[in-house]
Amino acid sequence: MRLSKESSIASLVFFCALLSVLCFCMCERPGWAGFSDIVGGVTDNVLPGQAGSAVKAAVALGKSFQDITPEQEYYIGRAVAANVVSTYPPSPNDRFDLYLNTLGQTLAEASDRPETFGGYHFLLLDSSEINAFAAPGGLILVTRGMVRLCKTEDDLAAVLAHEISHVQGQHGLKSIKNSRLTTAFTIIGSEAAKSYGPAPLSKLTEVFQGSITDITSTLMKSGYSRDLEREADKGAVTILRRVGYDPGALIIMLTEMKKQLKPGGLDFAKTHPDPKDRIEDIRPLVGSGPSATPVSPERRKRFDAAMTNL
Amino acid sequence: MKLRRIVFILGFVLALAGVTRSDSGTMSVQVKEGQLRSTPSFLGSIVGPVSYGERVETMQTQGDWLEVKSPKNLRGWIHKSALTTKQVVLNSGGKAQSAASSQEVALAGKGFNADVEAQYRKNNAAVDYTWVDRMETMRVSRDQMISFLDQGKLKPSEGGKK
């Protein structure tokens, strides 16, 4: 009798312990982080599903784009952004840039990769083309043409969230040719000094130059694959939802782009898949119902104020 | 009686392990400037800074956030994207570390670095970095974000606002 009482207490205690472990595993998703299974978050620079192969392959000081350290990604991003602003000059507008950075950096905090080496920064470009660029590491550039297409803050948030997702997925780095990375990692692995001698420095700079060309030509000419664009759209929906914006704004923007872009045009049309296909891809995630959150008058007011004289 | 006590202690330990999920270990800061927060959220108040390469002791994990202790004995939460399991070796001049795999170490300042950027800029005088440097000064504080969210009647989900 006594033994059975003890064993029933024991089972109860074990059951409670098991329940608490289960409950913790299911509930742990604080902050804005989470859903990394949906968007494919970055963990220590190793993407899910590729971790195993990366471990096996890494014998020297790296092999693929995942072995580019955040610090190196930062220098790549700076050069890519410098190239973009050399082609599309910025539109100096302190008031708008402050608004753009407040919105953009708040959205970035809600991404699966809120921390990059140098952080996320946003800039308005003086161009009527409808376009936006994400340089590796978080330097994001948006044209006036694209901003003018937005009718609400939620629309602009959708554009920025899409670009943030490209940074999160390290899509820019993926366009660097593998042969360049192999050369770079060989130099990094074999050269001792922190500051390189003239020969390795010259070789590294050559590889760097080539890598920047790979990325800028992808951003400005060829564009990403439909798969990467779909990934960025999915990531954008997640970010918008986490912050409290209407994810349907992405569909509104894509619909607007479909109207404005001319097939065979030089801007977004050239570097992005047909907006119609992208809408079909994300429709199931967004739902077809009306906007979840009506745009508040305060949000409308500050958006309109920021857009004045743009 | 003895059996009952053992069962209770065992149960208690198991229950505790489930709640806190202690995750002790060491990780390195892989961003230029990191912040430790009072809660596992970006809107949590800032406890203090951690810098690139600093080794932090991990205490526990909650979702994508880790509670860590810095070398200066600051304790706070930081997002996992700011940390790496690799050891970040600063000032790695001297012997080549070719024996170490990229899974174990990240050599700070190696590869594409400030010297490579300087050389690249020398070779490409037309590429202007003025605006890139200016962009990097555009920073929004936690307080600015909180009032931006409040003013815009935005309510972050998943307990983001703490």
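Chain A has 15 helices and three strands. Helices here are DSSP runs of H or I with at least four residues, strands are runs of E with at least two, and both are numbered from the N terminus. Keep in mind that this is a predicted model, where local features need pLDDT of at least 70, side-chain atom pairs count only at pLDDT 80 or more, and totals for chains, interfaces and linings use all residues. On bookkeeping, residues are numbered from 1 along each chain as its sequence is written, chains are lettered from A and ligands numbered from 1 in the order in which they are written, and side-chain values use heavy atoms, with hydrogens and water left out.

Chain B next. Chain B holds four helices and nine strands. Read from the N terminus, the order is α-β-β-β-β-β-β-β-β-β-α-α-α.

How much of each chain is buried? In chain A, 61% of the 310 residues count as buried. In chain B, 48% of the 162 residues do. Buried means under 20% relative accessible area, exposed means over 50%, and partly exposed is in between, with a 1.4 Å probe and protein chains only.

Now contacts, meaning heavy atoms within 4.5 Å. Take those between residues at least 6 apart in sequence. In chain A, 74% of them join residues at least 24 apart. For chain B the figure is 49%.

On to the sheet in chain A. It is an open sheet of three strands, order S1-S3-S2, with mixed pairing. Strands S1 (121-125) and S2 (132-135) of chain A are at the edges with a single partner strand each, so each has one side without a neighbour in the sheet. Neighbouring strands are turned by 15 degrees against each other on average, direction ignored. Angles run from 0 to 180 degrees between N-to-C directions, and axes are lines fitted to C-alpha atoms, for helices over the stretch in contact.

Which strands run parallel, and which antiparallel? S1(A) and S3(A) are parallel, over five bridges. A:Leu124 has A:Val142 in S3(A) as its bridge partner. S2(A) and S3(A), residues 139-143, are antiparallel, with four bridges. There, A:Ala135 is partnered by A:Leu139. Two strands count as paired if DSSP finds at least two bridges between them.

S1(A) is mostly covered, with five of its five residues buried. A:His121, A:Leu123 and A:Leu125 point one way, A:Phe122 and A:Leu124 the other. Helix H4 of chain A, residues 70-87, lies across S1, S2 and S3 of chain A, at about 15 degrees to S3(A).

Last, the pockets. The largest has about 630 Å³ of space. Its lining counts 28 residues, and nearest the centre are A:Glu109, B:Glu33, B:Gln35, B:Arg139 and B:Val140. Elements that each supply at least two lining residues are H5 (94-109) of chain A and, from chain B, S2 (33-37), S3 (46-51) and H4 (142-151).

The second largest pocket has a volume of about 260 Å³. It is lined by 13 residues, with A:Leu98, A:Tyr99, A:Arg302, B:Phe148 and B:Gln151 nearest its centre. Which element gives the most to this lining? That is H15(A), with five residues.

Terms used:
On a 1 Å grid over the protein atoms alone, a cavity is a set of points where a 1.4 Å probe fits but cannot get out, and a pocket is an open set with protein on both sides within 12 Å along at least five of seven lines; lining residues have an atom within 4 Å of a point. Grid points are joined across faces, edges and corners, and a volume is the space filled by probe spheres set on the points.
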